[in-house]
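This briefing goes through one protein model, from its overall make-up to single residues. The sequence and structure come first, and the notes follow, grouped by topic.

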Amino acid sequence: MKITLKRPSRRTLRALGAALSTAACAAAALTGLAITAPPAQAASLVQVTSFGYNPSGLQMWEYVPAGASAHPPILLALHQCTQSGPAFYSGSEFASLADQYGFIVIYPSAVRSGSCWDVSSPGALTHNGNSDPAGLMSMVTYVEQHNGGDSSRVYVTGASSGAMMTNVMLGDYPDVFKAGAAYMGVPFGCFAGTTVAEWNSACAEGQTSMTPQAWGNLVRNADPGYTGPRPRMQLWHGTADTTLNYNNFGEEIKQWTNVLGVSQTPTSTDTPVSGWTRTRYADSSGTVQVEAYSIAGAGHVLPETGMAAYAIHFFGLDGSVTPTSPSASASASVSASASASASASPTTSTGGGSCTVTDSISAWNTGMTENLTITNTGSAINGWALAFTLGSGQAITNGWNATYSPATGHVTATNLSYNATLAAGASTSIGFQAAQTGNTAAPTGFTLNGHTCTVG
């Protein structure tokens, strides 16, 4: 008689590991022994050469801080194309944050030509597939089993190709990850193709647009049998990104708000740092399910200094609780929350008398972005409001460097606290993303503090 052995699923292995851990703790309680994690590695990057199923030959490094807790959380940190795990370790702040808060960081390397992650092949876009995500999942399981990692606190982050893979890991393994943070990526499935690590120009250039439901279905179809809670998502993108177009930011927001069952309309908007516009999308209890950072004028260079800490805070790895919206019942308009101090109401408008506005539009199937530069050609201004009329069928979904109200028709963009003053001859840049139904015309009828502007 021939007996065929079937490799157990990762879900089964994780459940078995949890059961063994529980049994060990119970035995310790009966015998009076204390269970401790394996001794922490020295605070340096250590390569692990054998960590389990690894169909695409990935390499693994782990960083275990000297102060790691007995049952530490795990962060999977994914590099961009042409980089490596050790390079991402050296070039990002996650290891220093691990030293501070005691979580373990996994730094994998993709070893194929170009060092991009496979976010395109059918084997990558499915639960328990046969490409990079399967190897990455083996790394997580290794840390749980060999370093006492907490399987209930597993997170993933990455930049560029690593951000794309962050989207993929949350779709492929919703039962594993609690949350993710993607710096300048694209939605799950946007690069889908037939080969490994396939480039998708239409997606990269921001030409791929789908309904929230269609984007959400791509995620749900990656693991169709899964019915449990979904991981929360934090998104980052620069408005001047020419490698992975900023339009992908709006598509990611559409996808993950749909997956997590929250409105596409932010429950709050603020400016935590000059040039950053943060929108939050909370559920009915006020828990922020999706958090999105639009970085004015930034290209394909994230994450920069200080940004990693925002991801760690979103995950709760700094000891914080799950972020909540400042007011779950706040106005769901595009204008910023009045309670956000960084977006405080402008000072009383004074000065001004003439202005010039230049605009730049990038449009795709059902969306568009508009970047505006306002130049004060009159006397100094202390507090400003730029009014204009949107084209028919256009509706602002998010914006940066100003508050926008209402979302359609005759809109007023009002300064934030950090850009209220415009000296004579000075300029400031603002912008927004909008849905559109076929009309991609620029706004018209610009006025600054009531004075008509010349369109440059």
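Contact here means heavy atoms within 4.5 Å. The model is a predicted one, in which local features need pLDDT of at least 70 and side-chain atom pairs count only at pLDDT 80 or more, while totals for chains, interfaces and linings use all residues. Residues are numbered from 1 along each chain as its sequence is written, and side-chain values use heavy atoms, with hydrogens and water left out. The protein has nine helices and 21 strands, these being DSSP runs numbered from the N terminus (helices H or I, at least four residues; strands E, at least two).

**Overall make-up**

- Of the 456 residues of the protein, 50% count as buried, where buried means under 20% relative accessible area, exposed means over 50%, and partly exposed lies in between (1.4 Å probe, protein chains only).
- The accessible surface comes to about 17600 Å², of which 54% belongs to carbon and sulfur atoms; such areas come from the Shrake-Rupley method with a 1.4 Å probe, and for residues only the protein chains shown count as cover.
- Among the contacts in the protein with a separation of 6 or more, 74% are accounted for by residues 24 or more positions apart.

**Nonpolar cores**

- A nonpolar core is a set of buried Ala, Val, Leu, Ile, Met, Phe, Trp, Tyr and Cys residues joined through side-chain atoms within 4.5 Å, and the largest one here has 56 residues, with L136 and F177 having the most contacts inside it.
- Helix α4 (residues 132–146) gives the most to this core, with seven residues.
- Leaving aside neighbours within four places in sequence, L136 is in contact with L58, L76, L78, P108, W117, M165 and M169.
- Another core, of 33 residues, lies apart from it and has W61, Y107, A282 and I295 among its members.

**Strand β2 and W61**

- W61 lies in strand β2 (residues 59–63) and is buried, with a relative accessible area of 14%.
- Four of the five residues of β2 are buried, so the strand is largely enclosed by the rest of the structure.
- Strand β2 runs antiparallel to β1 (residues 45–48), to which four bridges join it, and also antiparallel to β4 (residues 104–109), to which five bridges join it; two strands pair if DSSP finds at least two bridges between them.
- Not counting residues up to four places away in sequence, W61 touches L45, V46, Q47, P86, V105, I106, Y107 and S109.
- The C-alpha atoms of W61 and V48, which are 13 residues apart along the chain, are separated by 5.7 Å.

**The nine-stranded sheet**

- An open sheet of nine strands has the order β15-β19-β12-β11-β21-β20-β14-β17-β16, with mixed pairing.
- Strands β15 (395–400) and β16 (403–405) stand at the edges, each with a single partner strand, so one side of each is left without a neighbour in the sheet.
- Neighbouring strands of this sheet are turned by 30 degrees against each other on average, direction ignored.
- Within the sheet, strands β14 (residues 385–389) and β20 (residues 444–448) run antiparallel and are joined by three bridges, and the bridge partner of L386 in β20 is L448.
- Helix α8 (residues 247–259) lies across β11 (355–363), β12 (367–376), β15 and β19 (427–435), running at about 45 degrees to β19; axes are lines fitted to C-alpha atoms, for helices over the stretch in contact, and angles run from 0 to 180 degrees between N-to-C directions.

**Loop residues and backbone geometry**

- N415, in the loop between β17 (410–414) and β18 (421–422), counts as buried at 1% relative accessibility.
- A polar atom of the N415 side chain lies 2.9 Å from the backbone nitrogen of W384.
- Most residues other than glycine have a negative phi, and most peptide bonds are trans.
- A cis peptide bond joins L302 and P303, with omega about -5 degrees, and P303 lies in the loop between β10 (288–295) and α9 (307–315).
- Another cis peptide bond joins S405 and P406, with omega about -10 degrees, and P406 lies in the loop between β16 and β17.
- N128, in the loop between β4 and α4, has a positive phi near 55 degrees and is partly exposed, with a relative accessible area of 30%.
- S160, in the loop between β5 (154–159) and α5 (161–172), has a positive phi of about 60 degrees and is buried, with a relative accessible area of 9%.

Key:
A polar contact is a pair of N or O atoms within 3.5 Å; within protein, one must be able to donate a hydrogen and the other to accept it, and residues adjacent in sequence count only if both atoms are side-chain atoms.
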